[in-house]
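Please read the following points alongside the sequence and the model. They are meant for a colleague who has not looked at this structure before.

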Amino acid sequence: MPRWRKSDREGVVSYRLARQRTIDAVAAGHRQQHEVCDAQPELRRVALHHATPLSDPCPLCEGDDLVMVTFAFGPGLPKAGRCVADQSELSRLRRRAKPTSCYRVEVCRQCWWNHLRESFELTSSPVAQTAP
Ligand SMILES: [Zn+2]
């Protein structure tokens, strides 16, 4: 899993508030846990094999197996997105010089809670070349 540098990303959108609303809705009984712990098979596979562990406990089951996965979307990539498994994959995507959107999703490998954490555009040139 890549260690994202600030220069790799721009236009970061956080989904923290939507995440908290979902957690609160379950806690209040407005949504059932099975409705939000519904990671699809491909997301489960990626979470098991190409994920970065998070130090936070799962907000639903409080288990300690919360991970982050990253998918990239853009021209020439699969419609379902490409899993960004490591730094070399990230570097390869940057060199494509095509617009690439990345989505980071947290997944609990115990209860299969999943939620989008953030999205951003992968920049194709180092920040040193674009800084004023
Ligand atoms: Zn969980």
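1. Strand β1 (residues 9–14) runs antiparallel to strand β6 (residues 114–122), and the two pair over four bridges; strands here are DSSP runs of E of at least two residues, with helices (H or I, at least four residues) and strands numbered from the N terminus, and two strands pair if DSSP finds at least two bridges between them. This is a predicted model, in which local features need pLDDT of at least 70 and side-chain atom pairs count only at pLDDT 80 or more, while totals for chains, interfaces and linings use all residues. Residues are numbered from 1 along each chain as its sequence is written.

2. Within this pairing, Glu10 has Glu121 of β6 as its bridge partner, and Val13 is bridged to Ser119 of β6.

3. β5 and β6 form a hairpin with five residues between them, and Trp112 in the turn has a positive phi of about 70°.

4. Ala80 sits in the loop between β3 (66–73) and β4 (82–83), and it counts as exposed because it has 9 C-beta neighbours inside 10 Å. Ala80 and Glu42 are 38 residues apart in sequence, with a C-alpha to C-alpha distance of 9.7 Å.

How values were computed: A residue is buried if 20 or more other C-beta atoms lie within 10 Å of its own, exposed if 12 or fewer, and partly exposed in between; C-beta atoms are placed from the backbone.
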